[in-house]
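This report describes how selected parts of one protein model are arranged. Please keep the sequence and the structure in view while reading.

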Amino acid sequence: MGITTEYQSAFTSSFQEFFGNAKDVGWELYHLSSEPENDFPSWLTFTIRNPLGGRALVFRYHRLENKFYAHLKVQVIPGEENWSLDQLFHKKGYTDLDADDILSSGGEWLFHSLARHYFGIIISFCPRILEPDYFLE
């Protein structure tokens, strides 16, 4: 299995385990990767977006740098803000671990470890992170 498929599979299956079917909860899932360099992409992303909420979770892995970024993207006028989930979770006391800790200990199941870490915190402490602030009637 290639790195792109492994990454997508880990985040998709972990999402389904924690949240169920994306269509049932009304969220959209996206997978993107860079053009392959020497048969491997240099970066991979997995995005969860609530089209009604104006927010998205973006998980990005840079293979060449061996770095992982998790952000909450919030649409504001004009543009958008990016909030680091590692900083947010640490500030709120949800975890002492961050992406660097997971990268150094993830082993063979690195992407599953990353996905389960972030989704576990979200489902435990902030399950409504992508829900709209208000509903139009």
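Helices are DSSP runs of at least four residues, of type H or I, and they are numbered from the N terminus. The model discussed here is predicted.

**Residue D101**

D101 has its place in helix α4, which covers residues 99-105.

**Helices α3 and α5**

Helix α3 packs against helix α5 at an angle of about 50°, and their axes are 12 Å apart. This angle makes α3 oblique to α5. The crossing of the two helices is left-handed.

| Helix | Residues | Residues making the contact |
|---|---|---|
| α3 | 85-92 | L85, D86 and F89 |
| α5 | 110-125 | Y118, I121 and I122 |

The residues of this contact divide into 5 nonpolar, no polar and 1 charged.

**The largest nonpolar core**

The largest nonpolar core contains 34 residues, and F59, F68 and F119 touch the most other members. Elements that each supply at least two residues of this core include α1 (3-19), β4 (43-50), α3 and α4. The largest share, 8 residues, comes from α5.

Leaving aside residues up to four places away in sequence, F68 touches several residues, among them Y7, F11, F59, L114 and Y118.

Terms used
Residues are numbered from 1 along each chain as its sequence is written. This is a predicted model: local features need pLDDT of at least 70, side-chain atom pairs count only at pLDDT 80 or more; totals for chains, interfaces and linings use all residues. Side-chain values use heavy atoms; hydrogens and water are left out. Axes are lines fitted to C-alpha atoms, for helices over the stretch in contact, and angles run from 0 to 180 degrees between N-to-C directions. Angles under 35 degrees count as roughly parallel, over 145 as roughly antiparallel, 65 to 115 as roughly perpendicular and the rest as oblique. A crossing is left-handed if the near helix is turned anticlockwise from the far one by less than a right angle, and right-handed if clockwise. Contact means heavy atoms within 4.5 Å. Ala, Val, Leu, Ile, Met, Phe, Trp, Tyr, Cys and Pro count as nonpolar, Asp, Glu, Lys and Arg as charged, and the others, Gly among them, as polar. A nonpolar core is a set of buried Ala, Val, Leu, Ile, Met, Phe, Trp, Tyr and Cys residues joined through side-chain atoms within 4.5 Å. Buried means under 20% relative accessible area, exposed over 50%, partly exposed in between (1.4 Å probe, protein chains only).
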